[in-house]
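Here is a short tour of one protein model, taken a piece at a time. Keep the picture open while you read and try to find each part as it comes up.

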Amino acid sequence: MIEIKEAKLSDIPVIHKLANEIWRPTYQHILADEQISFMLDKMYSEKSLKEQFRQHQTFLLLTENELPKGFACYSKTDIDKNYKLEKIYLHPDQQGKGVGKQLITEVERIVKANGATVLTLNVNRGNNARFFYQKMEYQIVQEIDIPYYDFVLNDYIMEKVL
């Protein structure tokens, strides 16, 4: 049984562990191992995750039969009625089962209930997840290269009108 609930501070170790299990299989064909390790430390250390909670980013935790299998994170942007999907990751054993659709649909439902009319996200241009987002009616609105410490994030910005 799939369950999606809002994560609490006490779930940070679970999110940290999931990120470490998910990131390498997701990005090993796109990013250098050095960049993956750096970004895991920078974005998914327990300290960093606590800071993201403090910055009013909302995390959702997805479980299957009470086992953590994925997470998403969203936040309100400075643009009126616009939210951003900060992260969405599923354990590789969940991909292709429709679980990602359930998770992103839940984020969309929540932000729409909070008054959102647009949900935006960034996706690496080499990440096949962009095809999933397109199936979910997200449109590429910009191609961007973002300097990030010693790296450059080659992303698409995608958005969906809710």
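## Helices α1 and α3

Start with α1 and α3: in this predicted model, their axes come within 9 Å and cross at roughly 120°. At that angle, α1 and α3 count as oblique to each other. If you look at the handedness, α1 passes α3 in a right-handed crossing.

Which residues do the touching? On the α1 side they are Ile-12, Pro-13, Ile-15 and His-16, and on the α3 side Glu-46, Leu-49, Lys-50 and Phe-53. Sort the residues of this contact by class and you get five nonpolar, one polar and two charged.

## Helices α1 and α2

Helix α1 covers residues 12-27 and helix α2 covers residues 33-44. The two pack at an angle of about 155°, with their axes 10 Å apart. An angle over 145° counts as roughly antiparallel, and that is how α1 lies relative to α2. The crossing of α1 and α2 is right-handed.

Here's the contact list. From α1 come His-16, Ala-19, Asn-20, Trp-23, Arg-24 and Tyr-27. Across from them in α2 sit Asp-33, Ile-36, Ser-37, Met-39, Leu-40, Met-43 and Tyr-44. By class, the contact of α1 with α2 has eight nonpolar residues, three polar ones and two charged ones. Notice His-16: this residue is part of the contact with α2, and it is also part of the contact with α3.

## Helices α2 and α3

How do α2 and α3 sit relative to each other? Helix α3 spans residues 46-54, and its axis comes within 5 Å of the axis of α2, crossing at roughly 45°. So α2 and α3 are oblique to each other.

In this contact, Lys-42, Met-43 and Tyr-44 of α2 meet Glu-46, Ser-48, Leu-49 and Gln-52 of α3.

## Aromatic rings

Time to look at rings. The structure holds 15 aromatic pairs. One of them is Tyr-148 with Tyr-149, an edge-to-face pair with 5.0 Å from centre to centre and 85° between the planes. Are these two tyrosines buried or exposed? Tyr-148 is buried, at 19% relative accessible area, whereas Tyr-149 counts as exposed, at 53%.

There is also an aromatic cluster made of Trp-23, Tyr-27, Tyr-44, Phe-71 and Tyr-89.

Next, find Gly-100 in helix α4, which runs over residues 99-113. Gly-100 is buried, with a relative accessible area of 13%. Setting aside neighbours within four places in sequence, Gly-100 is in contact with Ile-88, Leu-90 and Phe-132.

Then jump to Phe-151 in strand β7, residues 151-161. Phe-151 is buried, at 13% relative accessible area. Leaving out residues up to four places away in sequence, Phe-151 touches Glu-34, Gln-35, Phe-38 and Ile-146. Along the chain, Phe-151 and Leu-31 are 120 residues apart, yet C-alpha to C-alpha they are 10.0 Å apart.

## Two residues with positive phi

Last stop: the backbone. What is the phi angle of His-56? It is near 65°, a positive value in a residue other than glycine. His-56 is found in the loop between α3 and β2, and it is exposed, with a relative accessible area of 68%.

Asn-65 is another residue to look up. Its phi is near 50°, again a positive value in a residue other than glycine. You'll find Asn-65 in the loop between β2 and β3, where it counts as exposed at 53% relative accessibility.

Note on methods:
Residues numbered from 1 in each chain as written. Predicted model: local features only at pLDDT ≥ 70, side-chain atom pairs only at ≥ 80, totals over all residues. Heavy atoms only, no water. Phe/Tyr/Trp six-rings, centres within 6.5 Å; stacked < 30°, edge-to-face > 60°. Buried < 20%, exposed > 50% of the residue type's maximum accessible area, 1.4 Å probe, protein only. Axes fitted to C-alpha atoms, helices over the stretch in contact; angles between N-to-C directions. Helix = DSSP H or I, 4+ residues; strand = E, 2+ residues; numbered from the N terminus. Parallel < 35°, antiparallel > 145°, perpendicular 65-115°, else oblique. Left-handed = near helix turned anticlockwise from the far one by under 90°. Contact = heavy atoms within 4.5 Å. Nonpolar A, V, L, I, M, F, W, Y, C, P; charged D, E, K, R; others polar.
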